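Work through the exercises below with the model open. Try each task before reading its solution.

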Amino acid sequence: MGSLRGRTDELSFFVPGDLTTRTGGYIYDRNIVDGLRRMGWKVDVCSLDSTFPYPTAKALSDANDILKSIPTGRIVVIDGLALAGLPALLRPEAVRLRLVALRVSSEVQLVRGAVAHLHRV
């Protein structure tokens, strides 16, 4: 197993769709990204397909390509809606990436089952 050491001032931030979308979740994500950047962090926003949390096969393939391109040891912050569609891809990556999940509010019915599943993994 390789080292999980990586730069601690760089991270990748996964969001479903376009981060400039004007809804509460995206505003929250933008505030996190902007705050980290103001503190000197290099944040690479990885925009996943907008079909998340129910990704198409192509969306999953594209997300897998993005994950594979991320350097070992890097911190990866994952928006809750993106997280709900990624469990199968994240399991093998958990040994080489430092994964941080932004939890989805428990009242969001469409991802409740997926989030509960991820908490058991």
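**Exercise 1.** Which residues does Arg 74 touch, not counting residues up to four places away in sequence?

*Solution.* Start with the ground rules. This is a predicted model, in which local features need pLDDT of at least 70, side-chain atom pairs count only at pLDDT 80 or more, and totals for chains, interfaces and linings use all residues. Residues are numbered from 1 along each chain as its sequence is written, and side-chain values use heavy atoms, with hydrogens and water left out.

Now locate the residue. Arg 74 sits in the loop between helix H2 (57–69) and strand E3 (75–78). Helices (H or I, at least four residues) and strands (E, at least two) are DSSP runs, numbered from the N terminus. Next, list the contacts (heavy atoms within 4.5 Å). Arg 74 touches Glu 10, Leu 11, Ser 12, Lys 42, Asp 44, Leu 97 and Arg 98. With Asp 44, a side-chain polar contact of 2.9 Å is formed. A polar contact is a pair of N or O atoms within 3.5 Å; within protein, one must be able to donate a hydrogen and the other to accept it, and residues adjacent in sequence count only if both atoms are side-chain atoms.

Finally, check accessibility. Arg 74 has a relative accessible area of 10%, so it is buried. The classes are buried under 20% relative accessible area, exposed over 50%, and partly exposed in between (1.4 Å probe, protein chains only).

**Exercise 2.** Give the strand order of the open sheet and name its edge strands.

*Solution.* The order is E2-E1-E3-E4, with parallel pairing. E2 and E4 are the edges, each pairing on one side only. On average, neighbouring strands are turned by 25° against each other, direction ignored. Two strands pair if DSSP finds at least two bridges between them.

Then take the pairs in turn:

- E1 and E2 are joined by seven bridges; Val 15 has Ser 47 as its bridge partner in E2.
- E1 and E3 pair over four bridges, and Leu 11 stands opposite Ile 75 in E3.
- E3 and E4 are joined by four bridges; Val 76 has Leu 99 as its partner in E4.

**Exercise 3.** Why is E1 described as largely enclosed by the rest of the structure?

*Solution.* Count the buried residues. Seven of the seven residues of E1 are buried, so the strand is largely enclosed. Then sort them by direction. Glu 10, Ser 12, Phe 14 and Pro 16 point one way, while Leu 11, Phe 13 and Val 15 point the other way. In a regular strand the side chains alternate between the two faces of the sheet.

**Exercise 4.** Where do the buried residues of H1 pack?

*Solution.* First identify them: Tyr 26, Asp 29, Val 33, Gly 35 and Leu 36. They pack against strand E1 (10–16) and strand E2 (42–48). H1 lies across both strands and runs at about 170° to E1. Axes are lines fitted to C-alpha atoms, for helices over the stretch in contact, and angles run from 0 to 180 degrees between N-to-C directions. After H1 comes Gly 40, with a positive phi near 100°.
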